[in-house]
Amino acid sequence: MQFGRRVLDSLFAFVGVLTPDGTLTEANRAPLLADVFGRKLWEYYWFNYAPAVQSLAWEVVARASRGEVARVDIVARVHATQFATIHLMVAPLLNDRGAVTHLVASAVDITERKQIEDALRASEARLVLAVDAASMGMYNRVEANGGNSITLDTRAQDLVGLGPTETDGAFENWLIRLHPDDAGWVTELDRQLADGRTDRALLEYRYQHPARGWVWLYHVARVIERGTDGRRSREIGLVQDITNRKRAEEVTIRQAAILEATPDYVATAAPNGKIVFMNRALARLVGATDPAAFDLWTLTQLHPTWAAGAVAAVGLPTALRDGFWSGETAIQTADGREVPTSQTIIAHRDRSGELLYLSTILRDLTRSRELERRVSQAVDGEQLRIGQELHDGVGQELTGLALMADTLVKRLRPSAPAEAALAATITAGLERVRENIRALSRGLVPVELDPEGLRSALEDLVARTATRSGVASSFQCVGGGGITDPTAATQLFRIAQEAFGNALRHSDASVIEIILQDHGNQVTLTVRDNGRGLPTDPASCTGLGLRIMQHRARLVGGGVQFLPTASGGTAVVCTIPKRTGRE
């Protein structure tokens, strides 16, 4: 424990433990000069210089308190006029019941990385403008009579730290400044240039500049003249400082290592949607064993049909329009399973707005879905118990009391008509209460626990609602429609109930249809109306009912789509696997 604390204290990064409300309780040594203990993260000196920055820090804590691992790049104040870009991550610590007990926050200075990225972008711009040659230096090397000399232009002199003309072992002065790990192979390549085994060489190596220290050089050498013995007599070459590029490559390599190590599923795609990269976790999951064949995949091919439709119809258009999209989808695995995921799609553009590539990150929601399913089953089980108790206990008791009251009416009517009328009122009241209890029981247990229970419940829903509303309503069952899992049947009924109610309340429809279709391995429920339809972008709808329908479908491994109909109305289409839940 003490060794671990010493390691944490030695880190340049900030590592701290927070309470779920964001209050710092413990930290490594890095931030001790600041008065941060006992304060909320967003109140620190680093972030309290601007409300927008505080809001970012607050949001990260809030997300972590809800059980997410939250990350953000944020500009922190180091001193009064000095700022640094840091990568802030806050992760939840959970107890064995899944509740958040503490938060672990870490902050790493990524200013240098940002500067390197900016330098790399600047370098790419220079390449596009075809002016990279201006950053290269040229030299001319002559060998004769056992000696050699080298002449360098101004740029080359600056790059290698030598004078304009070097003689008497001039190139040896160059070679002795090579990094020990590079000196051997560079010297061997120079020997090959000298004795005629090659005439041209492209090199990248580390070089100790007399003023700048270790730098990376890109070196092109070409022998243009040889003596009668075949040995080198004249060589010309170009040198370029590629230190920034190499540092950026190192950052890229580290980032790639992080992407390969993360349990999340990551992919990037060209503007046409063809995948150019999958991290190891995603490739293994979908069975893409050959990285050279990644471009045979598209982003939508990662998904089962229902999720691919949502990504194509909503996810990609939204990302292209707004820059990003987040939603809940699923991945189709190599063995045909569906893995529920939380997905983000990002559209990356250059400064002119041209689309460069698309990236997507998907997080496995299997465990959280299982927890939601268990909670839902517990709630449904309690509803079933209460509904049955109301029906079998309270309902039967009321029935008995009503019969007794009716008997009392008959006995009192000849001799005490006033009392008989009062008893009749009591009887009528008991009947109303019994009907209310029956309706409440039916609402708590809408689907009977048998394969035909869902069909019967939907028929009853249409019949009862059509009678009260006057809207032409129908139910159709195609291909059987039997579902033996009570959880799946109940969730489908609740989705139909919500969609049917929405159509009655909001669509101004004159016709509403419910269709239950059995496709063998899956069941589709469609609630279709001829009303005024949903907005152009269904994702913009923020109604609680739509989100509840999506949530219920996810609990049984399915999904919901909101589609326009030919008549201008709306079709709510829910598809779930045939065997779910207990099966």
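Predicted model: local features only at pLDDT ≥ 70, side-chain atom pairs only at ≥ 80, totals over all residues.
Strands are DSSP runs of at least two residues, numbered from the N terminus. The chain as a whole contains 14 helices and 21 strands. It has 583 residues, of which 39% count as buried. Among the contacts with a separation of 6 or more, 49% are made by residues 24 or more positions apart.

When residues up to four places away in sequence are not counted, Pro92 touches Ala64, Gly67, Glu68, Val69, Val100, His102 and Leu103. The C-alpha atom of Pro92 is 8.9 Å from that of Ala105, and the two residues are 13 positions apart in sequence. Ala99 is placed in the loop that connects E4 with strand E5 (100-109). With a relative accessibility of 34%, Ala99 counts as partly exposed, because this value falls between the limits of 20% and 50%. A separation of 9.0 Å was computed between the C-alpha atoms of Ala99 and Arg66, which are 33 residues apart along the chain.

The aromatic residues were considered next. A pair of aromatic rings is described by the distance of the centres and the angle of the planes. In this chain the count comes to five aromatic pairs. One of them joins Trp46 and Phe47, with 6.0 Å between the ring centres and 90 degrees between the planes, an edge-to-face arrangement. Trp46 and Phe47 are both buried. Together with Tyr44, Trp46 and Phe47 form one aromatic cluster. Trp174 and Tyr207 make up another edge-to-face pair, with a centre-to-centre distance of 6.4 Å and planes at 65 degrees. Trp174 is located in helix H5 (residues 170-175) and Tyr207 in strand E9 (residues 200-209), so the pair ties together parts that are 33 residues apart in sequence. Trp174 and Tyr207 are buried as well.

Two packed helices are described by the angle between their axes and the distance between the axes. For helix H12 (residues 453-469) and helix H13 (residues 486-506), the angle is about 20 degrees and the axes are 10 Å apart. H12 is therefore roughly parallel to H13, because angles under 35 degrees fall into that class. The two helices, H12 and H13, cross in a right-handed sense. On the side of H12, the contact involves Leu454, Ala457, Leu458, Leu461, Val462, Thr465 and Ser469. The residues of H13 that they meet are Ala489, Leu492, Phe493, Ala496, Gln497, Phe500 and Leu504. Sorted by class, the contact of H12 with H13 comprises eleven nonpolar residues, three polar residues and no charged residues.

Beyond H13, the chain passes through a loop to strand E18 (511-518), and Asp508 is found in this loop. Asp508 is not a glycine, yet its phi is positive, at about 55 degrees. The relative accessibility of Asp508 is 63%, and the residue therefore counts as exposed.

Strand E19 (residues 522-529) includes Thr526, and Val527 also has its place in strand E19. Thr526 is buried, with a relative accessible area of 9%, and Val527 is buried with a value of 3%. Apart from neighbours within four places in sequence, Thr526 is in contact with Glu513, Ile514, Ile515, Gln517, Ala571, Val572 and Val573. The contacts of Val527, subject to the corresponding exclusion, include Ala496, Ala499 and Phe500. Val527 is also in contact with Ile512, Glu513 and Ile514, as well as with Thr570, Ala571 and Val572. Ala496 and Phe500 are among the residues of H13 that meet H12. Finally, the C-alpha atoms of Val527 and Cys574 are separated by 8.8 Å, although the two residues are 47 positions apart along the chain.

How values were computed
Residues numbered from 1 in each chain as written. Heavy atoms only, no water. Axes fitted to C-alpha atoms, helices over the stretch in contact; angles between N-to-C directions. Helix = DSSP H or I, 4+ residues; strand = E, 2+ residues; numbered from the N terminus. Parallel < 35°, antiparallel > 145°, perpendicular 65-115°, else oblique. Left-handed = near helix turned anticlockwise from the far one by under 90°. Contact = heavy atoms within 4.5 Å. Nonpolar A, V, L, I, M, F, W, Y, C, P; charged D, E, K, R; others polar. Phe/Tyr/Trp six-rings, centres within 6.5 Å; stacked < 30°, edge-to-face > 60°. Buried < 20%, exposed > 50% of the residue type's maximum accessible area, 1.4 Å probe, protein only.
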